[in-house]
Amino acid sequence: MATAPRFWRENPSRYNLVGIRCNSCGRYFFPRRAICPICHRKSVGKIEEVKLKGTGKIFSFTEVHDTLEELVLQKPYVVAMVEFDEGPKVTGQVIDCEASELQIGTPVRVTMRKLSEEGPSGIIHYGYKFVPVKEKAP
Amino acid sequence: MRRVAVIGVGDTEFGELWDSSFRDIGIKAGLSAVADANISADNIDALFVGNMSAGRFIEQEHIAALIGDYAGLARDNIPSTRIEAAGASGGLALRQGFIAVASGLHDIVVVGGAEKMTDVSDEESAVIQSSAADQEWETVLGATFPALHALIAKRHMHEYGTTREQLADVAVKNHRHGSLNPKAQFQREITRETVMSSPMVSSPLRMFDCAPSSDGAAAVVLCPLEQAKKYTEVPVEIVGSGQASDYLALHHRKDICTMEATKAAAKRAFAMASLAQKDVDLAEVHDNFTISEILAVEDLGFFKKGEGGKATEAGLTGLEGEIAVNTSGGLKARGDPIGATGLAQVVEIVTQLRGKAGKRQVKDAQVGLTHNVGGTGATAVVHIFRRA
């Protein structure tokens, strides 16, 4: 079982969606990186931390029926690859809906939830999941 | 650079080998390759061992020294090196051996691969296998290793119209080939119905879309081509070797329906070999999931992007097809002891090029290819072999 700092140090990204923008090419990346994988050395000194808006669209998704021990109580659950409006893609669960309600292209937004817990008295991990954005009634 | 030949191959059965330990299978494969090459320990200059996670599967690190020791190479202090690249560990170990011989540093090199997966529970094994993906930004967020491949499958179906049936056809074909391989973990034929009624793992992928957990080992012996005739009547030359990496997490890739690492490794291997896809008679590709084989036959250049499913359905990848793919049964039916897989692919290609593959022999096979992938495509290794 890992110690708490391993998870704490990722909290800015997991809780607040802090990624980076490369001010050499203007691309966004999530999570943070020290160097832009496109601009390489040109990006040195031009990496700026930014908080992503947390809205995007489903790029692909799956309903997970067979999962790791710490997640068995959640199954079946939906995992999607989401493309943020700023460009980067991330992987995370889609909740408060059935898989049958989702399609590639469905708009989603980030929500903060419990990801997992390490046994009854272990660390509880929080982070981002996604919920579908309901279309407004006309 | 010197030309390099494979002069010996050996492997174990793949499966749940309850009676055998990690060192038992590693040594069994190695000794059988050494015997096949007609050499003894006195001839060996170096050993390379592909292994993904002995530290977690059997709580033993430092396995290069362990295997060297029990292979009888400790007395002469023969150097032994472990190579790790998740599922591509075996293929990458072969490449290190190839480089060592091609460079002139070593003459006789043994390359082995081994994994003992069944000494932990299925649950623990799934956790260990998931560590090939990005732990912090994929696994922690609920994406299991099969789930990541399901994301690829769903998107491939969306973009190219690949069907659920075509995915099943990959497993059906590989089980048919496995039924002809006496060393395969699964030697029973299955039908589309078997696949499509098996338990859901991560939609659209079901149990029969996934390669099993296996124990097993495989090994090969390499030497300079000009010396090969001393040891074997039918040397098989490694004419091309290519390796490539990509972003670790699937969501960072340029296109999740294309493994850019496979394309780059193949391009490099074909360039070194001065050969083209049409010259290849058979290929062992990394079908850890059915969708993976569809991507592989596209990204290796055998079929156009999006046509892999249709080609499989049309029988173009079967034993009598345009290119025979996974004649051993592949990871799906022969089994997938992770670190051994890349070497087991070589054992199959060499056996075929020697004309010794029995009921699954590809007629007049001259050129074969191996394709070994780590994670969801962050490492790919491609080798091309020709009967010398």
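Colleague: How many residues does the contact take from chain B and from chain A?
Modeller: The contact takes 25 residues from chain B and 25 residues from chain A. Two residues are in contact if their C-beta atoms, placed from the backbone, lie within 7 Å. Before you go on, this is a predicted model, where local features need pLDDT of at least 70, side-chain atom pairs count only at pLDDT 80 or more, and totals for chains, interfaces and linings use all residues. Residues are numbered from 1 along each chain as its sequence is written, and chains are lettered from A and ligands numbered from 1 in the order in which they are written.

Colleague: Back to that contact, then. Which elements give two or more residues to the side of chain B that touches chain A?
Modeller: Those are helix 5 (122–130), helix 6 (135–139), helix 7 (145–160) and strand 5 (200–202) of chain B. Helix 7 of chain B gives the largest share, seven residues. Helices (H or I, at least four residues) and strands (E, at least two) are DSSP runs, numbered from the N terminus.

Colleague: And how do the residues on that side of chain B divide?
Modeller: There are 13 nonpolar, seven polar and five charged ones. Ala, Val, Leu, Ile, Met, Phe, Trp, Tyr, Cys and Pro count as nonpolar, Asp, Glu, Lys and Arg as charged, and the others, Gly among them, as polar.

Colleague: New topic. Into which domains is chain B divided?
Modeller: Domain 1 is 4–121 + 214–236 and domain 2 is 130–210 + 239–387. The bounds come from an automatic or database domain assignment. Taken over C-alpha atoms, the centres of the two domains of chain B are 23 Å apart. In chain B, 36 residues of domain 1 are in contact with 36 residues of domain 2.

Colleague: Which element supplies the largest share of the side of domain 1 of chain B that touches domain 2 of chain B?
Modeller: Helix 4 of chain B, with eight residues. By class, that side of domain 1 of chain B has 20 nonpolar, 11 polar and five charged residues.

Colleague: What span should helix 4 of chain B have?
Modeller: At 1.5 Å a residue, the 14 residues (89–102) should span 20 Å, and the end C-alpha atoms are 20 Å apart, which agrees. The expected span is 1.5 Å times one less than the number of residues. G104(B) follows helix 4 of chain B and has a positive phi, near 95°.

Colleague: OK, strand 1 of chain B: why is it largely enclosed by the rest of the structure?
Modeller: Because eight of its eight residues are buried. Strand 1 of chain B pairs antiparallel with strand 7 of chain B over seven bridges, and also antiparallel with strand 8 (residues 236–245) of chain B over three bridges. Two strands pair if DSSP finds at least two bridges between them.

Colleague: Which residues does A5(B) face there?
Modeller: Its bridge partner in strand 7 of chain B is C223(B), and in strand 8 of chain B A5(B) stands opposite E237(B).

Colleague: Last one: how many helices and strands has chain A?
Modeller: Two helices and eight strands. Buried residues make up 30% of its 138 residues.

Technical notes
A residue is buried if 20 or more other C-beta atoms lie within 10 Å of its own, exposed if 12 or fewer, and partly exposed in between; C-beta atoms are placed from the backbone.
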